[in-house]
Structures are given as structure tokens and as C-alpha cells.
Amino acid sequence: MTTLSIEADADLRPRNTLALPARAAQLATIRSADEARALAADPRWRGVPRFVLGGGSNLVLCGDFTGLVLQAALPGRALAGEDADAWYISAGAGENWHDFVQWTLAAGYPGLENLSLIPGMVGAAPIQNIGAYGLEVAERFAFLDALDLDCGELRRFDAAACRFGYRDSVFKQEGWHLSGHYLITAVTFRLPKKWAPLTRYADVAGELAAAGIAQPRAQDVAAAVTAIRRRKLPDPAQIPNAGSFFQNPVVSSGQAAQLMAAHPALPTYAQPDGRVKLAAGWLIEQAGWKGRDLGPVGMYEKQALILVNRGGATGADVRLLAQAVQADVQARFGVRLEPEPIYFPA
Ligand code: EPU
């Protein structure tokens, strides 16, 4: 029987990248699937509300939590198998995402380089289908293993079962993430052996061209993405933030045509289903919020899509600013912005 380490009255401020204050009545650090299974079987925790915490990089903590927080800390990374076309690389849910990406590149398995420097942990990557610079994690995903904390059984989800969408998956759709229904223990990625650099994203192409690199290796793409991110996005260790605070809104082709006629500079991205994705950062900047604060929070001066904590903010401050930005963008453009991070407790 494993002994779980459980902390009472745990401080969550150092465990969320917006550095919002909150406490959890109990916090269990889960280092293995066996520990999670032991917790699921323990009658003391039956009926106690749960929340699974990863790197806390996509989270707005709105107050104290009277239940049990499970801190996913499952380690491990390895080549799990290969076939003629691909390598299959597994990682524990508690591995730091960026360190894992760097490890795959150093080990000679390219394919995740466009997702360099994204904050958070491996286990959280599929929940919101992280994406950047022309790649989403769904495109490199084989399967994940998750423990059903209600019955203690391990279940395998392939890509279809994950129902991936833009910053979306079944874990968000079904509310399993908020209810602590599943604990993701490990993720296995499929990295094709036939590799080609993904440089269709203008920023990446420009960065490589500026460095004089015509035929980039995966490490060159990783370095370019890292440089772009360092320039545009604040380091949470210095300026607390949760990455993009809003999703890029997807509107009908009719609404997009009207908006483009009125605002020819509006960046738009045609979607496979005919709808059109708009750049939320541009909308927010035009609405006057780039570099503007409300109380102790503000929209970042170098990227209007990033909400930053200037110091001492609470979840309520974040909510107020988010609502003010939403209201102004709605009034100016008739477009509703949806937050990307999860508010907890809701
Ligand atoms: N823009 C502005 N003003 C701003 C910010 C952006 O006009 O203040 C314009 C840019 O000039 C550009 C367009 O908006 O034409 C898009 O901007 P950018 O390329 O910086 O990307 P984004 O749409 O703002 C998305 C992701 C990021 C990801 C980048 C790069 C979402 C919500 N965000 O941002 O993901 O890193 O593309 O691929 O999809 C995250 O999800 O946390 C995240 C950082």
C-alpha cells in the first residue's frame, strides 16, 4: 500500500501562473497510477469534491476550495514503440511540457518543436489541445491513459475518443476536468518518421529567414519559436499570466465578410468548415485595451491577448477585467470573446 503525501490548507498561489491567491483544504501529490488508484479506493475521500491540478497555467483561481486538489506529478518519458511510419513516445502527466519537448528533440524524435516553451505539464496538453505556430497537439497524439477516480479503473482514450477541437477536448466538453472525474496519468505521442519543418506560420518563416536558415532542422524551428515567444509573451515567473486569455473567436462567413469590409486590417483565418477565425488580440487592441490596466490586472502591452497580474490581484480582479474587455469588443465589433482558461471554483 502506498502512502500518499497529503498537505492540509495548501497554498495554491505558487501553483498557478497568474499567481492568484487561493487555498485548498487538502492537496494530494500523485506520483503514480497506483497512488491515484489507492486514493480512489480510500473511503475517506469518497464524496469529497476533487480538482486535478497540473501546471496551473490555464487557470483562474476564484477563491478557496474546500475539497481535495490532486496535484499530478507522475514522471517518466520513454520511447514506447515504433512502426514503419512513426515513433511512439510516452510521458508521465507531471512532466514539464517544454522540458519534454526539448528531450524529444535531443533524443532525435522531431515533431513537437512548434510547441516549444508552452507552459504547463504534459497531462494538461490534450485537455485544451494546446497549439501554436501552425501545430496542435492533436496532430501528434496517439493516446492517453486516464484513471477514473470514481471507480479506480484506467481507461485509454485515442484521438477520436478525445474529441479534439480548437483549444478543446472531451475533458472540457463533458466537464470532467472541473469535476476531477479523470486523472490523466500518461500521454503517448505519435511522431512521424517522415519529418518536414512546419514553417507556414509567417512569424516562424520570418524568424528563420532573418537567421539565414533555408533548410531548418527541428532544433532550428524550436529556437525560432522560443525566440518569438520570449519576445511577445511575458514569462510567468516575472509577470504572472495564463497565456492567451481569450480564444480566437470563430464566426460565420457572413459576419466575417461584414467585419472585413468595415475593418480591412482585421486578421482572419478561413476554417475548413467555411467559418472564419478572427484574431482576438487585434480586436482587443482596437477596442483600446492593449497595455491598459483595470485595478491590479491589465492586458499586456506587447500582446493584447495576454492578461497579466501586475501584483496582488485576485480572481475577482481578473473576472472584472475580462468582462470589461468582452463588453467593449462586443459593443465595437459584435463579437463575443470566450475565455481560454478555466475559472475555478466556478
Ligand atoms: N494582433 C494584434 N494586436 C495584438 C496581438 C495580436 O493586432 O495585441 C494581431 C497580430 O498582428 C496577428 C494576429 O493578431 O496578425 C495574431 O496574433 P499572433 O500571431 O500573436 O497569435 P494569436 O492569435 O494572438 C495564437 C494562440 C497562441 C499561440 C499563437 C501562435 C490562441 C488563443 N492563441 O495567438 O497560443 O502561441 O497563436 O501560434 O489561439 C495560448 O493559447 O495560450 C497561446 C499563447
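Around the ligand there are 24 residues, of which Tyr133, Tyr166, Tyr201, Glu285 and Ala304 are the closest, a residue being counted as near if one of its heavy atoms lies within 4 Å of the molecule. The model is a predicted one, in which local features need pLDDT of at least 70 and side-chain atom pairs count only at pLDDT 80 or more, while totals for chains, interfaces and linings use all residues. Residues are numbered from 1 along each chain as its sequence is written, and side-chain values use heavy atoms, with hydrogens and water left out.

| Residue | Distance to a ligand oxygen atom |
|---|---|
| Arg229 | 3.3 Å |
| Asn248 | 2.9 Å |
| Glu340 | 2.9 Å |

Asn114 sits in the loop between α2 (97-106) and β8 (131-132), where helices (H or I, at least four residues) and strands (E, at least two) are DSSP runs numbered from the N terminus. Asn114 counts as buried because its relative accessibility is 1%, the limit being under 20% relative accessible area with a 1.4 Å probe and protein chains only. The side chain of Asn114 reaches the backbone oxygen of Leu198 at 3.0 Å. Beyond its neighbours within four places in sequence, Asn114 is in contact (heavy atoms within 4.5 Å) with Ala132, Tyr133, Leu135, Leu198, Val221 and Val225.

Methods
Buried means under 20% relative accessible area, exposed over 50%, partly exposed in between (1.4 Å probe, protein chains only). A polar contact is a pair of N or O atoms within 3.5 Å; within protein, one must be able to donate a hydrogen and the other to accept it, and residues adjacent in sequence count only if both atoms are side-chain atoms.
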